[in-house]
Amino acid sequence: MIGEVLILGAGKTGLAVLEYVASTAPEIVSSFTLVGGRESISLNILFPTKVEGRIALGTDTVPNPLMGEKYDVAIVSPGISPSSDLYQAAKEKSKRIISEVEFAFLEMPEKWIAITGTNGKTTTTTLVSELLNKLGIDAVSAGNIGLPLIEVAGTYKPRLNSIDVIQKRLNAETHYIFNGTDYEIDNHKIQVDPKNELPWIVAELSSYQLHNTFDFHPTIACLLNITPDHLAWHGSFENYKRDKARIFQNLSDADVCVVGIDTPDSLEIAQKLLSEKKRVCCVSVVSKNQRFLKEWDQLENRAYLTANKRLHIDFAGNEYDLGPASQLPFKGDHNVQNVLAAAVMVIAASNDSIKNLGEMLKRALQACSVLPHRIEEVATIHGVAFINDSKATNFDSTLVALRAFEPQKSVLLLGGKDKGIELDEGLLKQIKEDCIAVVCFGEAGPRIAADLEVAFSAEATTTKTAKKVELLNETPLLKLMPSMEDATRLAQKIAEQYPNPSDVVVLLSPGCSSFDEFSSFEERGMAFKGIMERLKQDIEHEEK
């Protein structure tokens, strides 16, 4: 008996949990309550409800349980911060708070590949599932990539495995501390027992989703990188890193940890895992970073870009040459790292079941396609390429996008919803080296423009005009526009005044979330494509 269930959040994740719980037998779930939060909208429930339940929307108040003194378990959607009023109210009235990831895993604990990182999660998750399927191994991608994990678990294992574990946890005495708050955990571990008839769940996991995981135990877990992000939600960078590292918390010596070591904080986690004698495969595309890992030359498992730019993997005593990076359909070293990490996970999941795996994997990689809104070329006008990198919602993503187009110059479009993250020295240096101009826009535009102006001192002012002589200065031209469309149209004019426009790209890599003008980075990317269509039509009309 799982008892009374509280569901926090009325978005896609919360509704998937609601449908799963509400359709469960009443002898397992006695009641459910869904609380939607202040910004939730009305719901139409289109599925049968077997147990007593209620839905409360537009409130941060959690009602008392329908039957007992406290809810037996609260299942929280990833967007709800632990510091929010809704979360705190749920904590007071619940015996246990878990994430939807934890809940889905407890329902179906077999065959999980889990992937996290500040950047590259979606690309890598998509690659892993696509490659596995191309090689004849069933896999489904879910989680932060779109499909709620409980939907997958409910499809393949319609049961409530989580009951026993949750009940055991209610009396746990050990703890986990987050932001000064003590959360109960214990040493119970769920044993992963892969079954061939089930697909691999390839789960893209955000730090939000990992926060309330305790028993989560993937067979293969990957951390691509860590740079500052989502600090308002987590409270500090240290808390953010701690939640990212939770992906490895229950892995045994038989499981596989894949870690990118090209950011200092992910390198630190790799070193810790190696010291714990875990089965770690380190991934690196920057040779100078490898010297920071003293074990690099002795590693049994590693994936890297060779001096002659070939993809090489050493894993479980086998060597794999996946060909030159130039043959990949992806641009930029960051995508090479994503490919290497994905390939390692596919090799680990195949478990030597495929003959000529290296050659088959190489062919499959070369046949993969680039995901939309990720360094995606969407138009060329008068020789100038226009690049949609709307997925770049932090400045580290912007940095790797700029590097991807070297030695070409860029007119960079920066802006959107302000996340309060500062421009670091690495990005400022890259902008000065690679950009002929930066056009800022949106809510964050004025703040970013002001920061750039201070950084570039007297060399850049917002009053400059776009003349060819200025575009050859060492300091980029700096402009501020109210909207993304205004910024894009100005960027096109600036790019065409460069002595050789074909040497320039207009790069939408905003470094900010989209929520000032748009509902998602996908909508922002589609809007950018629409702007390009209108711009081309206007130019064609002018030239007639």
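**Stop one: a helix and its neighbours**

Start with helix α5: its buried residues pack against α1 (12–22), α3 (100–107), β6 (112–116), β7 (139–143) and β10 (200–204). Keep in mind that you're looking at a predicted model. Now select residues 149–156, which make up α5, and pick out Leu-149, Ile-150, Val-152 and Ala-153, which are buried. Turn the view to look down the axis of α5: the buried residues fall within an arc of 155 degrees, so they line one face of the helix.

**Stop two: a sheet**

Next, colour the five strands of an open sheet in the order β3-β2-β1-β4-β5; their pairing is parallel. Out at the edges you'll find β3 (52–56) and β5 (97–99), each pairing on one side only. From one strand to the next, the twist averages 20 degrees.

Zoom in on β4 (residues 73–76), which is joined to β5 by three bridges. Here, Ile-75 stands opposite Ile-98 in β5. Then show α2 (residues 85–92), which lies across β1 (3–8), β2 (29–35), β4 and β5 and runs at about 170 degrees to β1.

**Stop three: Asn-394**

Finally, jump to the loop between β18 (384–388) and α14 (395–404), and select Asn-394. Is Asn-394 buried or exposed? It counts as buried, because its relative accessibility is 2%. Show side chains, and you'll see that of Asn-394 making a polar contact with the side chain of Asn-119, at 3.0 Å. A polar atom of the Asn-394 side chain also lies 3.0 Å from the backbone nitrogen of Ser-397. Other residues touching Asn-394 include Thr-118, Asp-229 and Lys-419.

Methods
Residues numbered from 1 in each chain as written. Predicted model: local features only at pLDDT ≥ 70, side-chain atom pairs only at ≥ 80, totals over all residues. Heavy atoms only, no water. Helix = DSSP H or I, 4+ residues; strand = E, 2+ residues; numbered from the N terminus. Buried < 20%, exposed > 50% of the residue type's maximum accessible area, 1.4 Å probe, protein only. Polar contact = N/O pair within 3.5 Å; in protein donor to acceptor, adjacent residues only side chain to side chain. Contact = heavy atoms within 4.5 Å. Arc of directions from axis to C-beta. Pairing = 2+ DSSP bridges. Axes fitted to C-alpha atoms, helices over the stretch in contact; angles between N-to-C directions. Lists of a residue's contacts leave out its neighbours within four places in sequence.
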